[in-house]
Amino acid sequence: ILPGVEEEIAVKIARRIINQIDKTSFDAGEGKTNVHVTISIGLAFFPNDAQDPEKLIHQADKALYTSKYAGRNRVSTTKDVAKQVLDERQIQEIFPCPQLVGRDRELDLLKELLDNAEKGKSGLALIRGERGVGKSRLIDELAKHAQEKGLTTITVACSPEISKQPYQIIIKALENLFTSLGADVREFIRSLPEAQTAQLANYIPSLRKFLPDSIKPAQDSSSKQAQIDLFKGVCQSLIYIVKRNTLLLVLDDFHWIDKGALELFDYIVKDLGTIPILIVGALRQDELESREDYASLNEALERIKKEELISEITLASLEKQVVLQMIMAIFSNLRVEPKFIEIIYDVSAGNPLFIEEALRSLLNKGFIFYQDKKWHNREITEAKIPTFLKGAIQRRVSVLDQETKPVIAAAAVIGEVFDFDI
């Protein structure tokens, strides 16, 4: 950091640093030849190149890698940055991958379940997988397919806050559906038995304006009868809604569902086996198992599974060949060597999110660039991965629990394969 220094002077200082280091030899130890090192320097200037610290460092970083490409002992400014190094906006436009790869079988199964729903067979599907493995992307493709067919699609995201309030995930979905119905809600609400209407109004305040004066929101919401009235009211609501169209109800972050909502879904699927609705949830098993109420939630899930009411899909990481397909889908005419694929696969472990993070990082540094209407890549090596792809690796490690991280740190020293006793 050189406060108040003009560009010309800064470049001269950088060159003096390079010359001084070039003249210096470092003792490599007894009996070994002294070591000479080379350096690359990148310069960015405030406020012309950027007006906040993070962006200024980013610009200097680009200039640094321009120096690296040019050869040893070079200094570059942002004016020297190669035009083929894309800016952040251009990089954002490239991602996510424009097509779903490696998930044809899973998508076909979901489409089949949706077809069954159209024919009057309701269903509940759960998609399991680690963070970034592509659960949301798979569901997005299903939702796109449903919309192309003209079906009704509602997406609701679970959250830790929602999980603390019983039934909230299905209540939010119903709120969205009732909003789309508009004036028809009054007619429907007044057609329900009073006990069901009172329970629905207790959980969905926006319905209260449609209640006749003789009905008030239920005071009792904890008894078994109150639960039955609510469940029946929800089912009748869904029956009314799907008379118009098949419904795809998507529940993202399903691992935050509350036990009451899980029991409600069990009731819906059993009670509404012949109506056109497909419920799809996406969950991370590690997040589910970390919950204090995991035992009771898992018990409810296992009960539903035994009744064969759930179709389960587990998403694994992508195989190496599919990683290549993904890279080619993003960079259509990029010619890559097997070593490039090996490195991307190793650092990402086949996780689509981390593959994109790795490629984004390489784009950002100019190791992948667009020139003469084609994509090109410069050689990368294992030694360069910590510098270029550290962010992707850190994100992978950040999702691990505190007990696992020391084990991973030890494993990184021992090697990929080791005995359990170690």
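## Close-up views of a predicted model

**View 1. The whole chain, and how its parts meet.** Contacts between residues 24 or more positions apart make up 71% of those in the protein chain with a separation of 6 or more. Welcome to this structure, which is a predicted model. Its protein chain holds 19 helices and 11 strands. Of its 422 residues, 44% count as buried. The accessible surface of the protein chain is about 23200 Å², and carbon and sulfur atoms account for 49% of that surface.

**View 2. The largest nonpolar core.** This core has 59 residues. Look here for Ile 169, Ile 170, Leu 174, Val 234, Leu 238, Phe 265 and Ile 268, which touch the most other members. Helix α10 (residues 224–242) supplies the largest share of the core, with eight residues. Another core, of 29 residues, lies apart from it, and includes Ile 327, Phe 340, Ile 355 and Ala 358. In soluble globular proteins, nonpolar side chains tend to be buried together.

**View 3. Helices α14 and α15 crossing.** Here the axes of helix α14 (residues 320–330) and helix α15 (residues 338–348) come within 10 Å of each other and cross at roughly 105°. Angles of 65 to 115 degrees count as roughly perpendicular, so α14 and α15 are roughly perpendicular to each other.

**View 4. The residues where α14 and α15 touch.** From α14, the contact is made by Lys 320, Val 323, Leu 324 and Ile 327. On the α15 side, Phe 340, Ile 341, Glu 342, Ile 344 and Tyr 345 take part. By type, the residues of this contact are seven nonpolar, two charged and no polar. Two residues of this contact, Ile 327 and Phe 340, also belong to the 29-residue core.

How values were computed
Residues are numbered from 1 along each chain as its sequence is written. This is a predicted model: local features need pLDDT of at least 70, side-chain atom pairs count only at pLDDT 80 or more; totals for chains, interfaces and linings use all residues. Side-chain values use heavy atoms; hydrogens and water are left out. Axes are lines fitted to C-alpha atoms, for helices over the stretch in contact, and angles run from 0 to 180 degrees between N-to-C directions. Helices (H or I, at least four residues) and strands (E, at least two) are DSSP runs, numbered from the N terminus. Angles under 35 degrees count as roughly parallel, over 145 as roughly antiparallel, 65 to 115 as roughly perpendicular and the rest as oblique. Contact means heavy atoms within 4.5 Å. Ala, Val, Leu, Ile, Met, Phe, Trp, Tyr, Cys and Pro count as nonpolar, Asp, Glu, Lys and Arg as charged, and the others, Gly among them, as polar. A nonpolar core is a set of buried Ala, Val, Leu, Ile, Met, Phe, Trp, Tyr and Cys residues joined through side-chain atoms within 4.5 Å. Buried means under 20% relative accessible area, exposed over 50%, partly exposed in between (1.4 Å probe, protein chains only). Accessible areas come from the Shrake-Rupley method with a 1.4 Å probe; for residues, only the protein chains shown count as cover.
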